[in-house]
Amino acid sequence: MSLANHAESLPKRACQHASPHTIKLLTLLNPLPVLLKNQYADIIDCNESFNQLCGFHIPSLPPEERNYIYLILAHPQFQQCFLATAVDERLAQITQMASHLRGTNAAQPNDPILTAHIRRFQAYPLSSLMLGKPIKLATLTLWHTR
């Protein structure tokens with residue numbers, strides 16, 4: 001941005017709520033499980049089939065826990081639902097989501113919400129995911145955005 005003499009742009013506002021039409025669509029898609037996420041991997045909404053697939057009601061979670069990455073990192077029932085109970089499977093999903101956040105960060109480098117999310121995930125003890133396995137350098141740099 002500095003080299004191109006561009007002013008810093010304000011981050012786009014992330015979707016936080018589903019519209020009534022989207023909620024109706026979620027309902028119509030039952031029995032197919034459907035999950036809506038925003039660019040931060042925050043879960044905006046899901047249909048009842050998705051809740052049944054997970055075995056718990058996503059909207060009943062505290063807002064700070066309604067994040068796909070957080071649930072893959074910390075929620076055993078969600079991990080089981082998405083076949084992320086083995087360390088390698090979980091790391092594969094986390095790696096994929098980390099690359100998604102890096103892409104989002106490239107498009108919105110000054111987004112304070114995205115920065116807070118990345119810091120939160122960086123602080124999560126990835127070493128606990130390794131369950132005694134040696135930590136690869138790539139694993140430690142998953143969340144680095146630059």
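Is Leu25 buried, exposed or partly exposed, and what is its relative accessible area? In this predicted model, Leu25 is partly exposed, at a relative accessible area of 47%. Buried denotes under 20%, exposed over 50%, and partly exposed the range in between (1.4 Å probe, protein chains only). The model is predicted, with local features requiring pLDDT of at least 70, side-chain atom pairs counting only at pLDDT 80 or more, and totals for chains, interfaces and linings using all residues. Residues are numbered from 1 along each chain as its sequence is written, and side-chain values use heavy atoms, without hydrogens and water.

Leu25 belongs to helix α1 (residues 20-28). Helices are DSSP runs of H or I with at least four residues, numbered from the N terminus. Together with Leu28, Leu29 and Leu32, Leu25 forms a nonpolar surface patch. The accessible area of these residues together is about 390 Å², from the Shrake-Rupley method with a 1.4 Å probe, where only the protein chains shown count as cover for residues. Patch members have over 30% relative accessible area and no salt bridge, and nonpolar side chains (Val, Leu, Ile, Met, Phe, Trp, Tyr) are joined within 5 Å, like charges within 9 Å. A salt bridge places a side-chain nitrogen of Lys or Arg within 4 Å of a carboxyl oxygen of Asp or Glu.

Thr104 sits in helix α5 (residues 87-107). Thr104 is buried, at 10% relative accessible area. Beyond neighbours within four places in sequence, Thr104 contacts Gln39 and Leu114 (heavy atoms within 4.5 Å).

The whole structure contains zero disulfides (cysteine sulfur pairs within 2.5 Å). Cys54 is in no disulfide, and the nearest cysteine sulfur, that of Cys81, is 3.9 Å away. Cys54 is buried, at 3% relative accessibility.

Key. Helices (H or I, at least four residues) and strands (E, at least two) are DSSP runs, numbered from the N terminus.
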